[in-house]
Amino acid sequence: MFYQYLKRAQKKFLNALSAREYIQYLTELLHYDLNVHLARTHPNPFNKWGQKVFSQTDEDGLTFEIIRRIGIENGVFAEYGVGDGLENNTLALVACGWHGFWVGGGDLAFTPPKGDEISKFVYLKNWITLENILSLTRQGLKAISKSNIDVISLDLDGNDIFFVEELLRNNFLPQLFIVEYNGKFAPPIRFSIKYEKDFHWQGDDYMGASLMSYNDLFKKYGYFLVCCNSISGTNAFFVSEKFKHLFTEIPEDISLVFSPQRFFSNQRSGHRTSLKTIARLFEK
């Protein structure tokens, strides 16, 4: 009885849609089904935890499961390259009450509230280079009165691997490091662009570094690869080796952890983010 009622309600809903709305409905339905399929069939079992909150695709769920396993609550985050602030890898951590800072070259779509006490969050508007990334990091930590970072996310569409190495070499060693890799270059390919201080991505395949190159770098500093997000194949999650015993299901073969790039999967899903929602998050 309930099933028949549901079918009638669905039919009534679909009949009320315009042709454009109906196409959008079918597109979102197919998009959702594809995402579920990619997560469930990925050779890395960890990818089933993928979920979108404020991330581009499924990165938030992967982050939540990692920090749950390693036992971080109310931690500290830093993100380099956050766009307008409405869609990135650490806004969900703001929603969980974390302290942190962002660094980026553009304007945010909102103005974070400033309290009378020590700030829980600060945005540093600045073009990031090898010459200033350390000073910007120290400035961000000072502004929130913290000395260590638990989660770092870095997505700058270009010189990323050089910035990651500079942070690691100078003892900024978070428990979780999220990086954007160039998903065109599958293991065992090692590739990275040459460092250019004023590099601007042109939307082609000359950007960033391959997963294999990142894996080589992180191994030197005591990290292991937990996963690559399955939906878009753009973000890799590296965790401190001391927690490896908590991730026994992760394949040792990097080719089974790798996800190829799927830019067609970056379609917006769910309701758009409201500035009122953002303001509410920063009240916590």
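Modeller: A residue is called buried when its relative accessible area is under 20%, exposed when over 50%, and partly exposed in between, using a 1.4 Å probe and protein chains only. Helices (H or I, at least four residues) and strands (E, at least two) are DSSP runs, numbered from the N terminus. This is a predicted model, where local features need pLDDT of at least 70 and side-chain atom pairs count only at pLDDT 80 or more, while totals for chains, interfaces and linings use all residues. Residues are numbered from 1 along each chain as its sequence is written, and side-chain values use heavy atoms, with hydrogens and water left out.

Let's look at helix H7, which spans residues 211–220 and has seven of its ten residues buried. Those are Leu211, Met212, Ser213, Tyr214, Asn215, Leu217 and Phe218. Their cover includes helix H6 (160–169) together with strands S5 (176–180), S6 (223–228) and S7 (235–240); here contact means heavy atoms within 4.5 Å. After H7 comes Gly222, with a positive phi near 80°.

For another covered element, turn to strand S1, residues 76–80, where five of five residues are buried. Val76, Ala78 and Tyr80 lie on one side, Phe77 and Glu79 on the other, and both faces are covered. Two strands pair if DSSP finds at least two bridges between them. S1 pairs in the parallel sense with S2 (residues 99–104) over five bridges, and Tyr80 stands opposite Val103 there. S1 also pairs with S4 (residues 151–154), again in the parallel sense, over four bridges, with Phe77 opposite Val151.
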